[in-house]
Number of protein chains: 2
Amino acid sequence: MPLSAPYLALKALVRRGDLSNPEVGKAISEMVVTAHPELMRCDEVALRSEVPGKTYFAFRDGERISRPINQDLFISDPAVLRERFDDFFKDRLGSLGPDEATRTIYTLAMSFCALYDTKKTGDKKTPATYFEILIGHLFAAHLGVNPTNAVKIVDTGVKLPTDFIFDLGGTNPKLHVPIKTSTRERVIQAWAHQRILDGVFGADQYRGILVCLAETLMKVKKLSVVEVCLPDQWRVYQRFLAKMTRVYYLDVPDKYRLLATGTPRIDVKPLGYFFTEAAALTV
Amino acid sequence: MPLSAPYLALKALVRRGDLSNPEVGKAISEMVVTAHPELMRCDEVALRSEVPGKTYFAFRDGERISRPINQDLFISDPAVLRERFDDFFKDRLGSLGPDEATRTIYTLAMSFCALYDTKKTGDKKTPATYFEILIGHLFAAHLGVNPTNAVKIVDTGVKLPTDFIFDLGGTNPKLHVPIKTSTRERVIQAWAHQRILDGVFGADQYRGILVCLAETLMKVKKLSVVEVCLPDQWRVYQRFLAKMTRVYYLDVPDKYRLLATGTPRIDVKPLGYFFTEAAALTV
């Protein structure tokens, strides 16, 4: 597949343990810029959206069709895309504003995932791994610190594997950042890990920040799109397991956005907001 | 595939909501007795066991090979099998003794799963669903009560979907019974649900009993078998999430069996023991 060489180069870079390295950002940018014309050669298929207020399409290459893409969030004009990327990689994400930042990151994520879907060589984990690298890099570059993937449980010597942990040093709370392309039933793991961190280290030493791509599901036969959301279950997790400080989405489901006005409150926002409020989340 | 008609009949029976019905047991027994000669027509392939003290083989039908089967636990003599089944379904499981009960249930589980592996039509969830029905029936018949699959969260009206819940009535603790063919990283869900139950209903109102088939993994190219175990993580879950009262396996990994002598203690045993100690676990 056309992406495999730049993707392997990206993974090699990441394996050196320096996710915050600007080279990682450049590799992502180059890969997506390479992917873009490939995607544009695919057919665009309009999908029947069963999600109020959102329009979705997919790329198709012969028999293979990509995951649904939110039309309002995907930047398909190469000139605009290039300009946003430039802004983005000059570490000026904040200046883009939360909404443009969200669209830019959505396009970075979706270009790879959609092209991968239309080629589908290799194992299914690749888009999820790419998404983890993308978000991991953005967080690491913005926070100026590289993440680890485990915490040492006091007085046992046991290392518990976790999603990304960003230790900002000093007495600042650390960030616990699970990253998922979609959640479905597996999301309870994020709250359970947060509970363990609270139990081991005490309250508010680690702040939970869950980052997700979307909750869309395509019904391939009908070419229709639904969002699969379980807000009632999330409320139970937030009340009886642990507190997630933020849940960020690139394509925010309305059912989750409304959790910010309920009890217990869960603040669900577009990911772009992280870059304007990160400082407040880490004191 | 040869099992699809009896399997669909079994699922139809179960859909009526009466898992404890002896007809469910009969349907399982008939299905496995039907599967047995089919399996015997497959080739038996010896596997290189990297699990100390255990011998594994697999059934092969042309290109397709089954999951690994523990030789000491699998009853391959049809006469013995029939006799055990008869004992079993006369509700005299206790009289078989824990070890023979474990072997009988292991054979009931593996015959279906292995035959399914060698045919592999339909979706991958089928062996997991069958295993859930098998264990659900055995628990329901033994306890004399049918399970539910959700709990109502007090003062919210929210129904949280769970694995099987057996409510024995009166002031007896209820049983929370997650069932998995293997655990890998997904097992944290069982502890997290137990934590929620403890938080919502108070300590010791629900007792967690996790039931698993095995943790074997076949390396297909080398035809070798390993067990994938994460005992350190389980200890963290048992200490910081909730207490599992028992973990039962049909093919118990030694690394988990040893958790019964550690801190915090996790009692991991062959499933056959449930039927001799169930009364003590439910008071």
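Predicted model: local features only at pLDDT ≥ 70, side-chain atom pairs only at ≥ 80, totals over all residues.
## Basis of the model

Residues are numbered from 1 along each chain as its sequence is written, and chains are lettered from A in the order in which they are written. Local features need pLDDT of at least 70, side-chain atom pairs count only at pLDDT 80 or more, and totals for chains, interfaces and linings use all residues, while side-chain values use heavy atoms, without hydrogens and water.

## The interface of chains A and B

In this model, 23 residues of chain B are in contact with 23 residues of chain A; contact means heavy atoms within 4.5 Å. The size of an interface is often given as the accessible area lost when the parts come together. Here the buried area (the accessible area, with a 1.4 Å probe, that two parts lose on being put together, summed over both) is about 1,900 Å², and carbon and sulfur atoms give 74% of it.

On the side of chain B that touches chain A, the elements giving two or more residues are strand S7 (159–166), helix H7 (188–201) and helix H8 (231–240) of chain B. Helices (H or I, at least four residues) and strands (E, at least two) are DSSP runs, numbered from the N terminus. H7(B) gives the most, with 8 residues.

## Residue A:Thr126

A:Thr126 lies in helix H6 (residues 125–143) of chain A. This residue is buried (under 20% relative accessible area, 1.4 Å probe, protein chains only), with a value of 10%. Apart from neighbours within four places in sequence, A:Thr126 is in contact with A:Tyr7, A:Phe112 and A:Tyr116.

Notes: Buried < 20%, exposed > 50% of the residue type's maximum accessible area, 1.4 Å probe, protein only.
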